[in-house]
Every structure is written in C-alpha cells, then in structure tokens.
Amino acid sequence: MRNASALSRFVATMIAVGVVLGGCGQATFSPARDAGTSGAPAAAGQAGIGNGTATGAGSAAANGPGAPVAAGTAAKTRIGATVDPASLPGGAVYRNPANGRSEVIIKDTANIAVLIGDSQSEPAYGWPRQGLAAAGYKVFFCGRGGTGYVASNGKTGNYIDALQRGDWKLPYGTPPLVVIEGGGNDAARGASDAQIVANADRLITSIQQRYPAARLLMVGTLARGAHYGGGRRSAVDALLGTVASRHGLPFVSAGDWLTRYNLTGSMADGVHLNRHGHAALGAVFGQRLEAMGLDYADPGMLAGLIR
C-alpha cells in the first residue's frame, strides 16, 4: 500500500481535503435512545449525554463548528449480549457488554480516526482535523475545549475522567487510528509533570485495552518553542514526547510550530490560531502523518487507479 502511485495518493488526498475545506461541517448524531431502552430523552448534561461527532462527506452542519452534539440519553439500558449492534442505525448508542460502556454506532469505521483533544481539535476547521482529513480519514471527535490530561472545563472532566464516566463516548467497532492531542490547558493551569504523566498513562492504557488493533498517535502541545517564549507549553510538549516514547507510540511534537512555521501573526488570541493558521498547520500535520506511514488510502480506489 505504501508503494501506491503518486497519482493515487494525490487523488486520495484531494478527496479527503475536500471533506473539511469544502464546508461539509460536522455530522450530527441525533439524540437517540440507548439501544434497547425506553423513556423520554434526557436533557443535555445528564448522565449518558456525549459529544462524539464525525466529520465527513455528506454530513450536516446543524450544530456549527465545534458544537457538542448529543449522542445518547440517560435512559436505563436493558440491552444484552443478544442484541446485534449491526442492526442499529448509525448514531445510536449501544451498551457494549464487553466493557459495560455506552458507545456510538458508526456504520463504517474503515477510515475513521478517533480524535481526543481540546480547543485546538474541537472546531471543524481545527488543524488536527484538517490534517487527518488530508491524510484520508473521517474524524470522530471526543473531547472539549478547556480540557486536557489533567484539566477539566467545569462541564466535563479531563480526558480519562470524561471517558470513564461517559461524558463523551467512543465509537463501537475498531477504527484504524486513535489520536490524542493536547496539553495546553494542563500547562496553563499548573498541572504538575507527575499529574500529567499519570493521567496520560491511564488514558493510553484504557484506549489500548479498548482498541488493541488500532494505531495510537500522540500529538503534543502547540507552542512557540523553548527558545522563543514557549515556556510551560513547550515543556509539556516535551514531557508528552517522553510518555509516548515510553509506551512505544509515535509522537508529533508541536511545541515549536508557531515559530517554526511563522504563524505567530496568524493567531486569533494568545493560544489559538485563526482560520489561516489552522489551514497552514493542517497541511503540516497531514504531511507528518504521511511521512510516518499513518495516512489512510482506500484499497478499492487505489486498486482502480493502478491497474
């Protein structure tokens, strides 16, 4: 697959880029009852409400860029191992008997990348999403702005706590790639190295237990670089690199990207990029994924092009 023609790779990338840059927006999972349950839908913020969203061709933009989307209800589940998840509609919430967690049904996970992240990843135009789209993936986002390995935003927990208590839900099935991005809010709020490492270890272990066949990638903390005022943000980026190395995971460092790619003038505020900056780093991230062999290519499309 890695020896596919340049034409096939170019076409695959252009199709993927169009998913995000063409304005398709976020797919909205309708607030649906947990499979096998009864009762009226619960209000957002109650137990069982998630914010998993997928970005892909044909999706709707009902909630706008970055808006959390309800993916289930607080209705009590009566589902058992005899229920076939393949019979459930896309966007339904399924209580997986193998792990006891509610998960979102995705009809085709073949090129889904699960993205766990903060406000860098939350907008539909965020650079991590654009990079993943350029690498051939549709994105299923889990997370919220203001969160991190340790940091929470008052409405949802940090990454591992939010996952364990069901603030957001993972997709059912086996996606080929899971990406964990973040660390900026941990840096801003004074989380210690020990706290960040402990929670990162817990999250990595949980994800690997749930998706043992998926590739897992860590993406560091966007910053200016240690020699250009990056401060704690660049230090957290380096720390996360050591965590990834210890777990044998690929790591993309972003701790000097603002200065390396001359984007300090493309900021919407002190830590977030404007749309131009997101597009620029989306292209950089997509190239990194390809260079690391983590891009996705549709086998069917490639077979048709290289005959």
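The model is predicted. Its chain is built with 9 helices and 9 strands, and buried residues make up 52% of its 307 residues. Among the contacts in the chain with a separation of 6 or more, 74% are accounted for by residues 24 or more positions apart.

**Nonpolar cores**

- The largest nonpolar core has 33 residues, and the residues with the most contacts inside this core are I116, Y149 and I207.
- Two or more residues are given to this core by each of the elements β5 (112–117), β6 (138–143), α3 (159–165), β7 (177–181), α5 (193–210), β8 (215–219) and α6 (231–246).
- As general background, nonpolar side chains in soluble globular proteins tend to be buried together.

**Y149 and L240**

- Not counting residues up to four places away in sequence, Y149 touches N158, Y159, I180, G182, G183, D186, I196, N199, A200, L203, M218 and L240.
- L240, one of the residues that Y149 touches, lies in helix α6.
- L240 is buried, because its relative accessible area is 0%, which falls under the 20% limit for that class.
- With neighbours within four places in sequence left aside, the contacts of L240 are Y149, G182, G183, I196, M218, G220, T221 and F251.
- The C-alpha atom of L240 is separated by 9.4 Å from that of D193, a residue 47 residues apart from L240 along the chain.

**Packing of α5 and α6**

- Helices α5 and α6 pack with their axes 10 Å apart, at an angle of about 40 degrees, and that angle makes α5 oblique to α6.
- The crossing of α5 and α6 is right-handed.
- On the α5 side, the contact is made by D193, I196, V197, A200, D201 and I204, while R232, V236, L239, L240, V243 and R246 take part from α6.
- Sorted by class, the residues of this contact between α5 and α6 comprise 8 nonpolar and 4 charged residues, with no polar ones.
- A198 also has its place in helix α5, and this residue counts as partly exposed because its relative accessibility is 37%.
- Although A198 and V150 are 48 residues apart along the chain, their C-alpha atoms are separated by 9.1 Å.

**Packing of α2 and α8**

- The axes of helix α2 (residues 127–134) and helix α8 (residues 275–291) come within 7 Å and cross at roughly 45 degrees, so α2 is oblique to α8.
- In passing α8, helix α2 makes a right-handed crossing.
- From α2, the residues that make the contact are W127, P128, Q130, G131, L132 and A134, and from α8 they are H278, A279, L281, G282, F285, G286 and L289.
- The contact of α2 with α8 has 8 nonpolar and 5 polar residues, and no charged residues.

**Residues in loops**

- T174 has its place in the loop between α3 and β7, where it counts as partly exposed because its relative accessibility is 45%.
- Leaving aside neighbours within four places in sequence, T174 is in contact with T109, Y211 and A213.
- The C-alpha atoms of T174 and A113 are separated by 9.9 Å, with the two residues 61 residues apart along the chain.
- G225 is placed in the loop between β8 and α6, and this glycine counts as buried because its relative accessibility is 5%.
- When residues up to four places away in sequence are not counted, G225 touches G230, S234, G255, D256 and T259.
- G225 and L258 are 33 residues apart along the chain, and their C-alpha atoms are separated by 7.7 Å.
- N262 lies in the loop between α7 (257–260) and α8, and this residue counts as exposed because its relative accessibility is 67%.
- The phi angle of N262 is near 55 degrees, which is a positive value in a residue other than glycine.

How values were computed. Residues numbered from 1 in each chain as written. Predicted model: local features only at pLDDT ≥ 70, side-chain atom pairs only at ≥ 80, totals over all residues. Heavy atoms only, no water. Axes fitted to C-alpha atoms, helices over the stretch in contact; angles between N-to-C directions. Helix = DSSP H or I, 4+ residues; strand = E, 2+ residues; numbered from the N terminus. Parallel < 35°, antiparallel > 145°, perpendicular 65-115°, else oblique. Left-handed = near helix turned anticlockwise from the far one by under 90°. Contact = heavy atoms within 4.5 Å. Nonpolar A, V, L, I, M, F, W, Y, C, P; charged D, E, K, R; others polar. Core = buried A, V, L, I, M, F, W, Y, C linked by side-chain atoms within 4.5 Å. Buried < 20%, exposed > 50% of the residue type's maximum accessible area, 1.4 Å probe, protein only.
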